[in-house]
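Subject: Structure handover

Hello,

Here is the structure I promised you. Please open it first, then read my notes below.

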Amino acid sequence: MANITLKNIQKRFGDEEVIHGIDMEIDDGEFVILVGPSGCGKSTLLRMIAGLESITGGEVKIGDTVVNDMPPKARDIAMVFQSYALYPHMTVAENMGFALKLSKVDKAEVSKKVEAAAEILNLEPFLKRYPRELSGGQRQRVAMGRAIVRDPQVFLFDEPLSNLDAKLRVSMRTEIKELHQRLKTTTVYVTHDQIEAMTMADRIVVLHQGYVQQMGTPLELYDHPANLFVAGFIGSPGMNLIHGRPGSDGEFEVRGGGRLPLGELDVSTSPQTAVYGIRPEQITLADEGVPVQVVSVEPTGAEIHVVARLGDQHVTVVFRERHEIAPGDTIHLVLNLKQVHLFDADSGERVAWHPTPRAA
């Protein structure tokens, strides 16, 4: 196992710079997830760590070794791709042990490592099967097993669950996290799915247009987003981001009409155009409060998502209670003022926030 250090990492394709001087320290044994929308640079960054993509500028270290000019096979890493990339003419056992066979590892040792990996991944009954005889989840476990047998310093995952159905993705998330807790191998994982990131990572790196927007634990990013992009990207549904401006009377004047309380937020240095942020679950239904008109009601089973109009914008509210609400109704909302954020509408940076201490 080893830590990973990125110093001023840059990547250009021709004249276009797609990774802009990223600095990052990933601790030994840590599970870090790179997340962001398509085109943000997360897979490119992962491929530079792996040695599959050249580095335009900066330095990548794995442990104490600078690996910029080292080929992938010399970096002591193992990578699991979105496509399983299994050999169809080989059995599960042969697929898992193929890299060791190429490295001239003793046949008995290969068999021992394959059996150990199969036990970890519950693949023992399938070792003599071919990939065509396996489900999608089983094939992905074989791909993971192929990485495990190499006993690398670093695991790299490039959107490994994208080809699986929703239910299987949930179970595979648990399996990958349990695997990491068992092996304690430094892991860098790429996904565009922020739910994967929130549920699996020790720390999350949010990328957008080749820049790191924020790096922290899942709850740090959820509770303390540094800017509008992180606030809107992390969370499902995302944070309500309501445009307007702070008034002089302690209220926020919503664009298009309406007012929202600011509580004890210090808005003395706030910009004239701002964005009021609050999570959907931090809003409750009441007899008196902020009046809004219901646009749609979306029952999910455990929750009801209500989209309502405030001024010329939409607000999403998540209720766990079974309220009788229909489109067109006027309802009144009360906001948890300890969880209100204020962002600069131009720069996107957070300018005011009232922290709530977490219970021990």
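Start with the contacts, where contact means heavy atoms within 4.5 Å. Among contacts in the chain between residues at least 6 apart in sequence, 66% join residues at least 24 apart.

Two notes on conventions. This is a predicted model, so local features need pLDDT of at least 70 and side-chain atom pairs count only at pLDDT 80 or more, while totals for chains, interfaces and linings use all residues. Residues are numbered from 1 along each chain as its sequence is written, and side-chain values use heavy atoms, with hydrogens and water left out.

**Overall**

The chain has eight helices and 21 strands. Both are DSSP runs numbered from the N terminus: helices are H or I with at least four residues, strands are E with at least two. The C-alpha atoms fill a box of roughly 75 × 45 × 45 Å along the principal axes. Of the 360 residues, 46% count as buried. Buried is under 20% relative accessible area, exposed is over 50%, and partly exposed is in between (1.4 Å probe, protein chains only).

**Strands**

Strand 1 (residues 4-13) and strand 2 (residues 16-26) pair in the antiparallel sense over seven bridges. Pairing requires at least two DSSP bridges between two strands. I9 stands opposite I22 in strand 2. The hairpin has two residues between its strands, and G14 takes a positive phi near 70° there.

Six strands form an open sheet with mixed pairing, in the order 6-7-8-3-9-10. Strand 6 (77-80) and strand 10 (211-216) are the edges, each pairing on one side only. Neighbouring strands of this sheet are turned by 15° against each other on average, direction ignored. Axes are lines fitted to C-alpha atoms, for helices over the stretch in contact; angles run from 0 to 180 degrees between N-to-C directions. Strand 3 (residues 31-35) and strand 9 (residues 203-208) run parallel, joined by four bridges. V32 stands opposite R203 in strand 9.

Two helices lie across strands of this sheet. Helix 1 (residues 42-50) lies across strands including strand 3 and strand 7 (154-158), at about 150° to strand 7. Helix 4 (residues 136-148) lies across strand 6 and strand 7, at about 175° to strand 6.

**Helix 5**

How far apart are the end C-alpha atoms of helix 5? They are 26 Å apart, which agrees with the span that its 18 residues (166-183) should have at 1.5 Å a residue. That expected span is 1.5 Å times one less than the number of residues.

The buried residues of helix 5 are M172, R173, I176, K177, L179 and H180. They cover an arc of only 155° around the axis, which puts them on the same side of the helix. The arc is that of the directions from the helix axis to the C-beta atoms. What covers them includes strand 3, helix 3 (107-120) and helix 6 (194-200). On the other side, K167 and R182 are exposed.

D165 caps the N-terminal end: a side-chain oxygen lies 3.2 Å from the backbone nitrogen of K167. K184 follows helix 5 with a positive phi, near 60°.

**K177**

K177 lies in helix 5. K177 is buried, with a relative accessible area of 15%. Its side chain reaches the backbone oxygen of M200 at 2.7 Å. Such a polar contact is a pair of N or O atoms within 3.5 Å; within protein, one must be able to donate a hydrogen and the other to accept it, and residues adjacent in sequence count only if both atoms are side-chain atoms. Leaving aside neighbours within four places in sequence, K177 is in contact with F31, M200, A201 and D202.

Best wishes
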